[in-house]
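Welcome! Here is a short tour for anyone meeting this structure for the first time. Have a look at it below, and then read on.

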Amino acid sequence: MLKHVHDENSAPNQRDDATPTDPNTFLAEGIPGAEPPLEQKGAHEGHRHTTAAGLYAVYETAHFGFKEMGVKRTFQTLLKVNQKDGFDCPSCAWPDPDGKRKVAEFCENGAKAVAFEATRKRLTPEVFARHSISEMLNEHDTWLDGLGRITHPMARRKGDDHYQPISWDDAFQMIGRELRALDSPDEAAFYTSGRASNEAAFLYGLFARQFGTNNLPDCSNMCHESSGTGLTESIGIGKATVRIEDFEHADAIFVIGQNPGTNHPRMLTELQKAARNGCKIVSVNPLVEPGLMKFQNPQEPVHCLLPGTPMACLFLPVRINGDVAVLKGIMKEMLEEDDRTGGKVLAHDFIEHDTQGFADFAADLRNESWDRIVKHSGLSRELIREAAQIVIKSERMICTWAMGITQHRNGVGNVQTIVNFALLRGNIGRRGAGLCPVRGHSNVQGDRTVGIWEKMSPQFMTALGEEFSFTPPDKHGFDAVRSIEAMHQRRVKVFIGLGGNFLSATPDTSYTSEALARCKLTVQISTKLNRGHLITGEQSLILPCLGRTEKDFQKSGWQFVTVEDTTCVVHMSRGVLEPASEHLRSEPAIVAGIARATLQDRTTVDWVGLIENYDRIREHIEHVVPGFTQYNVRVRQPGGFYLPNPPHDGKFNTPSKRAGFVVHPIPELPVAGGRLLLMTIRSHDQFNTTIYSENDRYRGIFNGRRVVFLNTEDISRLGLQKYEWVDLISHYESETRRAERFKVVPYQIPVGCAAAYYPETNVLVPLRNTADGSNQPASKSLVISIERTKTAIG
Ligand code: SF4
C-alpha cells in the first residue's frame with residue numbers, strides 16, 4: 001500500500017529480528033496495515049454546508065451522543081462538560097468563559113469527543129481473543145474505535161498474534177524488568193499526548209527523570225513547537241498573550257492558517273460576539289472555510305432559524321506557505337502609509353521603549369519587492385492593501401493561528417512574522433489585543449508547563465531535583481522526530497505512550513511503524529484501541545485508564561485533576577460517570593505503578609502517598625513550577641486561575657526585557673513544473689487522529705476520506721479528470737514516498753496547491769523535513785506529483 005525510498009543507511013525494511021509467527025513480519029514489505037485499508041468506492045461529493053454549526057450541529061451532537069451513550073447518559077454527561085463543577089472537554093484547548101456559563105457549554109466536536117470516550121461499547125479480553133492483531137490491522141480506524149473502551153490490561157507476548165489479559169502487577173513488573181535491563185536510561189522514550197492531566201504529566205516527567213532520561217517527546221512537538229520556539233525568543237513566553245474577554249474588545253482579528261469551525265468550534269462564539277461588535281475578521285488561509293463564512297450559534301436556538309452571522313469580512317486565500325509574503329505585504333503598506341502620514345500609523349513610542357530590532361526589520365521591509373510579495377502570497381496588491389487598511393483603522397488587533405502556520409520548514413519564521421505584525425501597532429499587552437496560538441489538545445499546554453519537554457529550563461530541573469532530593473539528568477532528550485529515528489536505529493528500545501496515537505500523529509507512517517516494531521517493548525496507556533496499538537514492539541502492553549468523564553476514587557476520596565487551556569487558565573476537571581470497567585486505573589496511578597516497579601528502592605518519591613491524594617501532587621507542582629502559588633486553594637475556586645503571563649501585562653521576559661522584531665525572508669520552496677504543494681488537513685468529523693465518520697460536510701465530502709482537493713486549472717493542466725483515482729508522490733531530496741488511491745475533487749484552492757486529509761497523507765511526510773529551530777514536522781508544504789492510480793482494488 002505504501003512505498004517509500006530511503007537512503008541506504010536507514011535500512012528501512014530490514015526485519016532481521018522478526019520471528020515467523022510475529023505479526024510484525026507483516027510489516028516486512030512496505031508495512032501494510034500501518035494504514036487503514038484503501039477505500040473501494042471512495043468518497044462522493046454532496047451538499048456543502050456553508051454555514052457553520054446551527055441546527056445540523058445539534059442534530060449531529062444528539063445523533064452521535066445517543067448512538068454511543070444512550071439518551072440518559074448523553075444528558076448526564078454533556079451537561080457537565082466544561083462546567084465549573086464538571087469535567088474538561090477532552091478535545092481541543094479552547095478556553096471556557098470566565099464568568100457565567102451556559103447550560104450547554106460545548107460544541108459538536110467536543111460532544112463527539114465525550115461520546116467517543118463515554119461510549120457504552122466495551123472491548124473485553126473476549127473480543128481480543130476473537131480477533132488477531134493482524135486481522136485488526138486490516139480494519140478501518142472507525143472499526144477499531146467502534147470496539148469501545150478497553151476493559152482490562154492486555155499483553156502481546158513475543159511471537160504472539162493476539163493480545164491476552166495480564167494482571168496490573170505483572171504488567172508493571174514487565175515494564176520494570178525491560179527498563180532496568182537497558183544499557184542506558186536514554187534507551188527509553190516516554191511520549192505524552194495532550195489529554196494527560198497536569199498531575200499525570202508531572203508524575204510522568206518526574207519518573208522519567210528519576211529513571212535518568214529527558215526523552216519526553218509529546219504531541220506539542222507535532223503541532224505548536226514552532227509557536228513555542230518563535231514566541232519565547234520574540235516575547236519571552238511560548239503561549240498566548242490574550243484572555244478570552246479580549247476577543248470582545250478587538251477591532252480586528254486575523255485568523256491565520258487556522259480553521260476554527262472544525263478544530264476549535266467554540267472559538268466561533270467569541271468571533272461571533274466580536275463580529276456583532278463591529279470587529280473586522282480577516283481569514284488568511286489557502287482554503288475558504290465555512291466556519292468563517294457564516295455561523296449559527298446553537299446556544300441561540302431562535303437565531304439558528306435565521307441566516308447565520310456573517311463572520312470574516314475579508315478572505316485572503318493565500319498560497320500554501322505564503323503567509324510571510326502576505327504579512328510582509330500588509331506591513332509594507334503600513335510602513336508606507338506611516339511615511340506618508342508623518343508617523344501616524346505605527347506605534348512609535350511602543351516600538352522605541354518596548355521593542356528591539358525595528359530598524360533592521362523596517363529596512364528589510366522597504367527592500368522587499370512587491371513583485372515577490374504578490375508572487376509568493378498568490379494575492380493581488382489590492383487585496384493586501386484592503387487588509388492593511390483594516391489594521392490601520394483598528395485600535396486593537398488579535399492574531400490567532402494554528403498548524404497552517406507552524407507545520408512548515410519556516411514555521412518559526414512564520415510565527416515571528418506574526419509577532420512583528422502585532423508589534424508594529426503595539427498590539428500586545430493591551431485589552432482587546434494580542435497573540436493567540438490556538439492549541440489543539442485540551443492539556444497540551446499544561447503538560448509542557450509542568451515538565452513534559454525534552455529540554456526543560458535549568459531552573460525547572462534544579463527545582464525538581466531539590467524538591468525530590470535527586471539529580472535530574474542534564475542532557476537534553478529526544479523530541480518526537482528524534483525518538484522515531486532512535487527507535488529505528490535501535491538506540492531506543494522501550495517506548496511508553498501516555499495516551500494518544502503516536503503512530504498516526506507522527507510523520508512518515510511507514511518509517512515510524514518500522515521504528516516502533518524494532519522496540520523490545522511498547523506500552524500504550526489508553527482508553528480505546530487505535531492503530532498505534534497494533535504496530536507493536538517485540539512485546540507490547542495496553543494499559544487501560546480512566547477517561548476524563550469518569551469518577552476517580554483514591555484512598556482519600558473522589559479526586560479531581562487540573563488542566564491549562566490556551567489562554568493559561570488552570571482549572572479543575574472532575575469526572576461524573578462510573579468507570580467503564582472496574583479494572584481501570586487512573587493515569588497518575590498507572591505512572592506511579594510503573595515508577596515503583598522500575599525504580600524500586602532507588603526512588604526518593606512516595607509514589608503511593610501521592611496517588612492517595614492528588615492534592616499532594618499539586619503541592620509539589622507548586623514548589624517546582626512558578627505561578628502555582630496556593631495551587632490547591634486557587635484551583636478550587638470556580639473557573640480556576642490564570643498563570644502569570646508577562647506579555648499580557650506588557651512585560652517581556654526576554655534577555656533585553658523588550659519584544660524583538662526578527663527579520664525573516666519570504667520562503668522559497670522550489671516546485672518543479674508539473675508538481676504541486678500539498679498541505680495535510682483535517683475533516684470536520686475528526687479530532688486529531690480520531691475519525692468520527694467518513695464525512696466532511698463543510699467541504700461537501702461524504703463516505704470517504706481519500707480525496708485530493710485541486711484547483712480546476714491544475715486538474716486540466718495535469719490532464720486529470722474530476723473523481724479520477726490518483727496516487728500522490730511526495731519528493732524530498734532524493735527520496736520519494738507514495739500514497740495510493742485518492743479521488744480528484746475540484747475545489748476553491750490556489751493554483752499550484754493541493755490539500756488532502758491526515759493521517760492518510762502522513763506517509764508522504766518525510767521525517768527529516770522539519771522546521772528550522774523547532775524540529776516540528778513540516779506537514780503543510782510537501783512537494784508532490786500526481787499519477788493516475790494503476791493498482792486495481794477488490
Ligand atoms: S471548542 Fe474545543 S474544548 Fe470547547 S467543546 Fe469544542 S472541542 Fe471541546
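This is a predicted model: local features need pLDDT of at least 70, side-chain atom pairs count only at pLDDT 80 or more; totals for chains, interfaces and linings use all residues.

## Around the ligand

The residues around the ligand are N82, C89, S91, C92, W94, F106, C107, G110, P265 and R266. Sorted by class, this shell holds six nonpolar residues, three polar ones and one charged one.

Five of them form an open sheet in the order 13-10-9-15-16, and their pairing is parallel. Strand 13 (312-316) and strand 16 (434-437) are at the edges with a single partner strand each, so one side of each has no neighbour in the sheet. From one strand to the next, the twist averages 15°.

Strands of a sheet are paired through backbone hydrogen bonds, which may run parallel or antiparallel. Here, strand 10 (residues 280-284) is joined to strand 13 in the parallel sense over four bridges.

## A nonpolar patch on the surface

On the surface, F66, V71, F75, L79 and V103 make up a nonpolar patch, and together they have about 470 Å² of accessible area. One of them, F75, belongs to helix 2 (residues 71-78).

## Salt bridges

How many salt bridges are there? The count comes to 51. One to look for joins the side chains of K121 and E68, at 3.1 Å from N to O. This pair links distant parts of the chain, 53 residues apart: K121 sits in the loop between helix 3 (108-118) and strand 4 (122-123), while E68 lies in helix 1 (residues 54-69).

Note on methods
Residues are numbered from 1 along each chain as its sequence is written. Side-chain values use heavy atoms; hydrogens and water are left out. A residue is near a molecule or strand if one of its heavy atoms lies within 4 Å of it. Ala, Val, Leu, Ile, Met, Phe, Trp, Tyr, Cys and Pro count as nonpolar, Asp, Glu, Lys and Arg as charged, and the others, Gly among them, as polar. Patches are made of residues with over 30% relative accessible area and no salt bridge: like charges are joined within 9 Å, nonpolar side chains (Val, Leu, Ile, Met, Phe, Trp, Tyr) within 5 Å. Accessible areas come from the Shrake-Rupley method with a 1.4 Å probe; for residues, only the protein chains shown count as cover. A salt bridge is a side-chain nitrogen of Lys or Arg within 4 Å of a carboxyl oxygen of Asp or Glu. Helices (H or I, at least four residues) and strands (E, at least two) are DSSP runs, numbered from the N terminus. Two strands pair if DSSP finds at least two bridges between them. Axes are lines fitted to C-alpha atoms, for helices over the stretch in contact, and angles run from 0 to 180 degrees between N-to-C directions.
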